[in-house]
Structures are given as structure tokens and as C-alpha cells.
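Good morning, and thank you for the time. I would like to walk you through one model, going from a single chain to the place where two chains meet.

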Amino acid sequence: MSSLSTLTDAQLAARCRTGDAEAWNELVERFARYVYAICSKGFHLRDEDAEDVFQEVFTRAYTHLDKLRDDSALRPWIAQLTRRLCLDSISRGTREQPEAEPRAEDESSDLEEIDEAFAVREAVTTLPEACQEILDRFFARDQSYRTISAELDIPAGTIASRIARCLRKLREELEGRSEPSTGSRE
Amino acid sequence: MTRFYEEETLGSLLRMLPPAPEGWVQAAQELPRARQSLDEIVARAEADLEFRTALVADLEAALAQEGVEPDRHLIEELKRRFGS
């Protein structure tokens, strides 16, 4: 874990504003999955459109970071930017959209779920590195026990119990928080 | 208020955030360098009519000649600025 990964969103935004390239890398790393999920799971954009929106979100974040009035609102600001650009992409309709357009209420519940997922992911970063690694590989990267076993050099037969143990730790971490769904490092 | 999570729910939420494609992340991380290239190109085009003419005539060739990789977003931004 790099030292920058422990910075709050506000500290990270402030560092980026000074032109710190490492801080910018961390900002992209921190929010890449979130932006990607909003584009692909929240708005069901095709890959080409999702990529355009993804790059535009970070371009605008980079160029307009000095306009962010409250640095601790970095995540909601990025979320809003992403949602607006997804809607622009859909309304431009430059590329064919998926056959079944999601209904507004489905979209809104998907977006709420993505926010909740982000909060859970933030909690994962507080777990021991071995837990972070195994949970990420199994759930987010959808790797099989066999792949995890080979890449982490641990017996395949112990993976299920490791995952269960890490999930328990994660649950304890989340249940120890007072506001689990804000999802920001404040 | 504390929220209680089933482990199955946690698994589903973790699945909601797969990694973004590596190339997208890398391109976003290289933005500061790309913006710097862009600013330098724009400044030069504003000061150097010959370079500006070459840029408008064939953007990609002019960039390649300067040793700048003609990245898609850079090209689009320059097209927008110079209307080529």
C-alpha cells in the first residue's frame, strides 16, 4: 500500500492541485473502478462510449480540480461528473445503445448500489493486505480458486476458508462504522 | 446508524467494482503529461505560423514529425482548438 493511499480525499485533492503526479496517479487509482462501474453498470454504456466518458471524467477532474469548493466532496463531485457525461453520451446517441434501455428507477437503484459498493471497497482497504488481495481476486476479478492458489502460492483447499474469514473481518469493520454508506475518505 | 451486512451481500457488492481496463487507467494517469504536450503544441502553433499551417493540414503527421505520439484524445482536443 503506498503512503498516498492513506490520504483522505481532501488531502489527495489538495496534493493533486499542486501538480503532484503521484497524487494524481492515486486519485485515478482510487476512483477508476467507481467511474467505470457508473458507466458500465449504472448506465450500461457500451465499452467504446464508457471509455470516452471515463477519459473525459478524469480530464475534467484534472482541469477543473481548482474549481472544487470543498475538497472532501471529491467523490460526489466525480460521481456527478460521471453521471452527467453518461447522460450526455446517451443523449448524443452517437453509437447504438444496448437493446433494453434501463428505466430511470433501475438506474437510480444501480447507482445507489455502486455507492454502497464503493463504501465497502473503502472498508476493504483497512483489512490486512492478504485479505484485500484474496477478496479482490475472488470477487472483483472473478478469479477461480485454482488461479488464486497458483498466483498467491497458497493451497486451493484453504481458499474458501480464507475468503470466509476475510468477509467476517470486513463485516466487523463495516459494522463498527457509524455511517457506512458515505463512501468517502473524509 | 449501523448497517448489518450478510456475507453474501458483501460478496455481491465487491463484485460491483471490477477493475477498469488497465489501458484506460494508464491513459487517465498520463493526463498531466498529455496536457503538458497539448499546451506546448498550442503555444508553439500560436507563435509559429508555419507549424500551425502544418498542424491544420495534417494533424497526425505534424505531431509525428515533432515526436509526439498522436493519442486519440490529444488529436480530438487539437482538432477542437484549431478546427482542422
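Throughout, two residues are in contact if their C-beta atoms, placed from the backbone, lie within 7 Å. On that basis, residues 24 or more positions apart account for 68% of the contacts in chain A with a separation of 6 or more.

Two remarks on conventions. This is a predicted model, in which local features need pLDDT of at least 70 and side-chain atom pairs count only at pLDDT 80 or more, while totals for chains, interfaces and linings use all residues. Residues are numbered from 1 along each chain as its sequence is written, and chains are lettered from A, with ligands numbered from 1, in the order in which they are written.

Chain A has eight helices and zero strands, where helices are DSSP runs of H or I with at least four residues, strands are runs of E with at least two, and both are numbered from the N terminus. Of the 186 residues in chain A, 34% are buried; buried denotes 20 or more other C-beta atoms within 10 Å of the residue's own, all placed from the backbone.

Next, the nonpolar cores, each a set of buried Ala, Val, Leu, Ile, Met, Phe, Trp, Tyr and Cys residues joined through C-beta atoms within 7 Å. The largest holds 60 residues, and those touching the most other members are A:Val35, A:Ile38, A:Cys39, A:Phe54, A:Val120 and A:Leu135. Helix 2 of chain A, residues 21-42, gives the most to this core, with 11 residues. Leaving aside residues up to four places away in sequence, A:Val120 touches A:Leu174, B:Leu10, B:Leu13 and B:Leu14.

That brings us to the contact between the chains. How many residues does each chain give? Chain A supplies 35 residues and chain B 24. On the chain B side, helix 1 provides the largest share, six residues. This side divides into 16 nonpolar, four polar and four charged residues, with Ala, Val, Leu, Ile, Met, Phe, Trp, Tyr, Cys and Pro taken as nonpolar, Asp, Glu, Lys and Arg as charged, and the others, Gly among them, as polar.

Terms used
Buried ≥ 20, exposed ≤ 12 C-beta atoms within 10 Å, placed from the backbone.
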